[in-house]
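Please look over the sequence and the structure shown here before reading on. The report is meant for a reader who has not seen them before.

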Amino acid sequence: MTTSGRIRLLTDEQWAGLAPCLPRNAGKAGRPFADHRRITEGIIYRYRTGIPWRDLPREAFGPWQTVWKRHRRWAADGTWDTVLTQLTAQADSTGGIDWTVSMDSTINRAHQHATNTARPEKDTGAVTRRSKSEAPATKGEPAGHAIGRSRGGLTTKIHHAVDGNGRPLAVVVTPGQVHDAQVFPLVLGDIRVPRLGRGRPRTTPDALLADKAYASQQIRADLASRKRKGRSGGRPRALDAETYKRRNVVERSFSLLKQWRGLATRYDKLAIVYRSAAVLAAVITWLRS
């Protein structure tokens, strides 16, 4: 573990949970991976502090180029999504996920270093890349880099769906002006927790908590179509006021996310790189639980 000054990022217990999920050198062509732990802690340090990549302490993390290239590579091939999927699958296998899911978004200013790229008007945002074989046009970098103009200037939104304990199950990044209801199908579709040896992945919460931004007839119809019907046609739609009080867990997840200064302000030009760091923050949340 790195212990120089304030550079202390992963406990041995957390690393023991993370290491088996990362790519291995076995069967890899070309130069073998450098120390995964050192590189991962370098990525976390950069986003926690919000410093430029070039300012990473070399004595702690090695050449900044190595750390950046590893993060860029794993952003493109969906490595952190794979890690998050494995951690949630492990938790679900022991009943460790509370399927009362909360959904919301948080808006973040884009720094001038992130905004000097061409941005067409239409941009669907960045979502999970589940397979390395998926075409970049559908699961790669969005055309507008998920940067849009809202009241706060040039901004990006991070959308979360979290379990009942505030741990992210889905992370989607969109331009800041995009309405939450438009992104609802993407966020809900991003929830996918494999059942270890037990058939299809789980994609449907027991209950979904969201604010008035999601109160549209289309969303209600989509949710109704996902419910298990049973002999009596399923339970009627209703507001459970006591359950709704638990929606604050998604707000707390954003408070934790924004402790990383490189996420509270977006410095990354590419949406997939920025989103990948948000997924890494979700991974750390699961490792801490």
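The sections below describe a predicted model, taking strands, helices, loop residues, aromatic rings and a pocket in turn.

Strand β1 covers residues 100–110. Nine of its eleven residues are buried, so the strand is largely enclosed by the rest of the structure.

β1 pairs with strand β3, residues 153–162, in the antiparallel sense, over eight bridges. Within this pairing, aspartate 104 stands opposite histidine 160 of β3. Strand β5, residues 207–209, is joined to β1 by three bridges and runs parallel to it. Here threonine 100 has alanine 207 of β5 as its bridge partner. With strand β6, residues 265–266, the pairing is again in the parallel sense and has two bridges. Arginine 109 is bridged to threonine 265 in β6.

In a regular strand, side chains alternate between the two faces of the sheet.

## Helix α12

Helix α12 runs over residues 271–288 and has 18 residues. From its first C-alpha to its last it reaches 26 Å, close to the 26 Å expected at 1.5 Å a residue. Of the 18 residues, 17 are buried, so α12 is largely enclosed by the rest of the structure.

An α-helix has 3.6 residues a turn, so residues three or four places apart point the same way.

Most residues other than glycine have a negative phi. Histidine 145 is not a glycine, yet its phi is positive, at about 60°. Alanine 146 is not a glycine either, and its phi is positive at about 55°.

Where does histidine 145 lie? Its place is in the loop between α6 (136–139) and β2 (148–150). Alanine 146 is also in the loop between α6 and β2. Histidine 145 has a relative accessible area of 14%, under the 20% cut-off, so it counts as buried. Alanine 146 is buried as well, with a relative accessibility of 0%.

## Aromatic pairs

How many aromatic pairs does a search of the whole structure find? The search finds five. One of them is formed by tyrosine 45 and phenylalanine 61, whose rings are 5.3 Å apart centre to centre, with 40° between the planes, a tilted arrangement. Tyrosine 45 belongs to helix α2 (residues 36–49) and phenylalanine 61 to helix α3 (residues 58–61), so the pair ties together parts that are 16 residues apart in sequence. Both tyrosine 45 and phenylalanine 61 are buried.

Tyr47, Trp53 and Trp68 make up one aromatic cluster.

## Glutamine 65

Glutamine 65 sits in helix α4, residues 64–77.

Glutamine 65 and arginine 54 are eleven residues apart in sequence, and their C-alpha atoms are 7.8 Å apart in space.

## The second largest pocket

The second largest pocket has a volume of about 380 Å³. Its lining has 14 residues, and those nearest its centre are Arg46, Trp53, Tyr267, Asp268 and Lys269. Trp53 is also a member of the aromatic cluster with Tyr47 and Trp68.

Terms used
Residues are numbered from 1 along each chain as its sequence is written. This is a predicted model: local features need pLDDT of at least 70, side-chain atom pairs count only at pLDDT 80 or more; totals for chains, interfaces and linings use all residues. Side-chain values use heavy atoms; hydrogens and water are left out. Helices (H or I, at least four residues) and strands (E, at least two) are DSSP runs, numbered from the N terminus. The expected span of a helix is 1.5 Å times one less than its number of residues. Buried means under 20% relative accessible area, exposed over 50%, partly exposed in between (1.4 Å probe, protein chains only). Two strands pair if DSSP finds at least two bridges between them. On a 1 Å grid over the protein atoms alone, a cavity is a set of points where a 1.4 Å probe fits but cannot get out, and a pocket is an open set with protein on both sides within 12 Å along at least five of seven lines; lining residues have an atom within 4 Å of a point. Grid points are joined across faces, edges and corners, and a volume is the space filled by probe spheres set on the points. Rings of Phe, Tyr and Trp (its six-membered ring) pair if their centres lie within 6.5 Å; planes under 30 degrees apart count as stacked, over 60 as edge-to-face and the rest as tilted.
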